[in-house]
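Colleague: I'd like to learn how to read this entry feature by feature. Please start wherever you like, and give me the general idea before each case.

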Amino acid sequence: MTRPRIGYAGMTHLGLCSAIVAASKGFVTLGFDPDCGLVRKLEAGELPVVEPGLDDLLQEHRSRMTFSASPAQLRECDLVYVAPDVPTDNIGASDLTSVDRLLQLVLAQTRPDAIVVVLSQVPPGFTRARRQDGRLYYQVETLIFGRAVERATQPERFIVGVPDSSQPLPPALKTFLEAFGCPILPMRFESAELTKISINCCLVASVTVTNTLAELCERIGADWSEMAPALKLDRRIGTYSYLTPGLGLAGGNLERDLATVIRFSEEFGTDAGLIKAFVANSLHRKDWAIRTLHETLLWKAPQAIIGILGLAYKENTHSIKGSPSLALIQQLAPWPIRVYDPVVPASAAAHPAVTGAKSVLEAARGVDAVAIMTPWPEFRGVLCTELAAAMRGRLVLDPFRVLDPATARAAGLIYRTLGVE
Amino acid sequence: MLTHLNAAPANPKRVVVIGAGGFVGSAIVAELGRAGVATLPLTRKEADLLAANGAEQVKAQLSPDDSVVFVSAIAPAKSVAQFMANLRMAEAATAAFAETPPAHLLYISSDAIYADEANPVTERSPVAPSTIHGMMHASRELIFRTEFHGPFVALRPTLIYGAGDPHSGYGPNRFRRQAAKGEPITIFGEGEEKRDHVAVEDVARLAVRILRHGSTGALNTVTGVATSFHDIAKLVAAQYDPPAEVKSLPRPGPRPHLLHRFFDITDCYKSFPDFHFEPLAQGLARVHRELSRV
């Protein structure tokens with residue numbers, strides 16, 4: 001078949017990144033969103049998300065990319081992905097209203113022969129329940145915030161939910177996916193929907209094992225950073241496994257999948273004790289910084305001032321959903337704080353006495369403790385001697401080891417990190 | 001984590017302390033006095049919860065705007081009879097509260113309500129007591145939660161020490177009494193079991209904060225630091241001149257299943273960020289000074 005025209009409905013982080021990558025693969029692509037204001041900004045080249053390489057990729061392939069708020073434009077497309085955000089509440093339960101609304105609009109506005117693919121993350125059973133006329137499919141999204149372009153241009157595989165895996169994929173979908181040169185795994189809808197959840201559960205398992213043992217390291221004199229490379233060389237565990245200690249789960253997607261498994265296990269009577277343990281461990285580790293601050297400083301320093309470096313939930317993103325930094329700030333109301341994040345403004349910090357800073361050293365000026373809550377690359381360039389000179393106190397909480405522990409200690413800092421005493 | 005109905009702390013109109021004559025109750029009354037809170041202390045003399053008309057006796061003392069601290073208990077409850085008596089006391093109180101509902105109810109419970117294997121214990125650990133005493137507190141919490149429909153909070157202290165402790169349970173109070181009499185401090189085995197111990201004054205300070213904030217929910221009253229009985233014995237022994245001997249005794253039975261118990265006190269940090277517990281060594285030294293002055 002000739003190259004299909006591709007459409008993406010919902011210019012979200014997922015939809016926008018995926019659309020630009022589709023254009024970069026040589027497909028004429030429409031980025032549709034009912035929000036006229038958003039579309040105007042996109043037309044002007046103003047991207048609402050921070051992703052390494054995304055702006056350049058759009059500029060390079062701008063000629064094949066159209067943005068529109070007009071649903072009628074969808075009739076030109078042979079293949080339309082539906083990719084709105086699926087909001088979650090504070091326990092990770094999905095609100096499917098937005099995906100349903102946009103899906104209905106796309107089904108109504110596309111040609112009867114156009115293929116429609118749900119790309120947003122939906123629970124098992126979602127796609128089959130909405131498949132009325134045989135042209136609806138589901139595809140697992142593999143977006144990683146901060147690595148969206150890399151993941152979308154070089155996917156490991158495509159997982160496609162289909163009504164009958166013995167039948168060939170529709171030509172438009174097949175042609176598009178084959179352009180990426182990776183394995184394509186068609187499977188029944190429910191399998192595909194559950195595969196996405198299963199991938200995330202496996203990631204969470206690695207994260208939770210790491211966090212559990214890293215905490216033990218902190219008490220018994222072991223150092224997780226010495227141990228993790230040994231684990232990665234074990235083929236059963238693997239080089240790319242998630243073995244870096246962290247402050248629990250954040251971002252909302254992993255939490256959503258755990259909540260979905262728990263909800264389904266309650267509905268169908270299966271055991272989800274392990275998944276509940278993941279959730280509990282995440283909540284426990286998320287509070288590492290507040291516990292450490294109290295145990296090492298706050299109990300004896302009622303007048304302390306705290307510097308916070310990083311507000312985003314992780315580096316290279318503007319997203320603050322589930323951010324450990326904001327969770328910490330919420331618990332520091334009695335103490336003045338100074339904050340700096342390269343992307344997120346200080347106004348994101350809900351705190352009665354917050355001062356925004358324009359640099360790391362400005363945030364550290366005169367504080368008794370610094371907590372490096374997001375591992376932004378620019379923080380790695382900070383000289384420990386300058387940090388020590390700017391601070392009034394000595395305590396540095398560096399859960400992600402942005403600084404070199406030995407250098408920090410040599411600079412006279414009292415250095416605390418995850419995975420070591 | 002607690003929910004504070006009063007974002008800014010404010011003294012309640014009056015606090016009625018049911019069980020004001022006991023070790024914990026009297027400490028709460030004293031702390032309320034220091035905070036300038038109008039207080040009505042009730043002992044068994046003023047309101048006997050086990051009397052046939054116990055509910056009427058309590059009701060006669062209550063006004064509609066009162067906050068109530070319920071700390072009255074036959075503790076530790078070791079027998080079925082004591083268990084049942086404690087439940088009857090709660091039954092009488094709830095009957096009185098049904099007639100004159102308090103503005104805020106604080107129940108002094110216990111960490112014994114948690115399962116032995118919960119470690120580290122948080123306020124979300126399963127309530128699965130292994131003792132009659134723990135089941136008594138769990139039952140009373142349930143009774144109050146079910147029957148009282150106003151703002152309710154449970155404070156769950158761990159092992160409490162203080163100068164006024166009338167009990168001589170295994171731990172700081174017994175060790176101090178042994179040393180004061182010139183006897184060796186006796187520990188079972190090597191005294192390796194680690195437990196959290198909290199000063200009664202800290203229990204009272206937290207209780208008053210809860211009352212002033214109108215807090216609801218549940219909060220463990222623990223320091224977050226577990227110390228072995230061996231180390232506690234050594235701390236107490238060192239307070240005497242010459243230092244008391246610490247003597248190991250064979251265990252009367254097998255080593256306890258619950259060897260160590262740790263608590264994660266993050267909820268306390270979040271509920272009262274500027275509250276900090278007195279470290280055990282400091283608290284034991286203070287108690288020693290207080291008793292030396294007597």
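Modeller: Let's begin at Pro76(B), which sits in the loop between β4 (67–70) and α3 (80–99) of chain B. Those labels are DSSP runs, numbered from the N terminus: helices are H or I with at least four residues, strands E with at least two. Keep in mind that this is a predicted model, where local features need pLDDT of at least 70, side-chain atom pairs count only at pLDDT 80 or more, and totals for chains, interfaces and linings use all residues. Residues are numbered from 1 along each chain as its sequence is written, while chains are lettered from A and ligands numbered from 1 in the order in which they are written.

Colleague: What is the peptide bond from Ala75(B) to Pro76(B) like, cis or trans?

Modeller: In general, most peptide bonds are trans and most residues other than glycine have a negative phi. Here the bond from Ala75(B) to Pro76(B) is cis, with omega near -5 degrees. Asp241(B) and Pro242(B) are also joined by a cis bond, with omega about 0 degrees. Pro242(B) belongs to the loop between α7 (229–237) and β12 (246–249) of chain B.

Colleague: How do I read a helix, say α1 (residues 13–24) of chain A?

Modeller: Compare its span with the expected one, which is 1.5 Å times one less than its number of residues. With 12 residues, α1(A) reaches 17 Å from its first C-alpha to its last, close to the expected 16 Å. It is mostly covered, since 11 of its 12 residues are buried, among them His13(A), Cys17(A) and Val21(A). Those buried residues pack against β1 (6–9), β2 (29–32), α3 (54–60), β3 (65–68), β4 (79–82) and α6 (148–153) of chain A; contact means C-beta atoms, placed from the backbone, within 7 Å. After α1(A) comes Gly26(A), with a positive phi near 100 degrees.

Colleague: Now sheets. In what order do the seven strands of the open sheet in chain B come?

Modeller: Strands of a sheet pair through backbone hydrogen bonds, either parallel or antiparallel. Pairing here requires at least two DSSP bridges. The order is β1-β10-β6-β5-β4-β2-β3 (chain B), with mixed pairing. β1 (3–4) and β3 (39–42) of chain B are at the edges, each with a single partner strand, so one side of each has no neighbour in the sheet. Further in, β2 (residues 15–18) of chain B runs parallel to β4(B) over four bridges, and Ile18(B) has Phe70(B) as its bridge partner. Helix α4 (residues 132–147) of chain B packs on this sheet, touching β5 (104–108) and β6 (152–157) of chain B, and its direction makes about 170 degrees with that of β5(B). For such angles, axes are lines fitted to C-alpha atoms, for helices over the stretch in contact, and the range is 0 to 180 degrees between N-to-C directions.

Colleague: Last one: how many residues of chain B are in contact with chain A?

Modeller: Seven, and they meet 10 residues of chain A.

Key. Two residues are in contact if their C-beta atoms, placed from the backbone, lie within 7 Å. A residue is buried if 20 or more other C-beta atoms lie within 10 Å of its own, exposed if 12 or fewer, and partly exposed in between; C-beta atoms are placed from the backbone.
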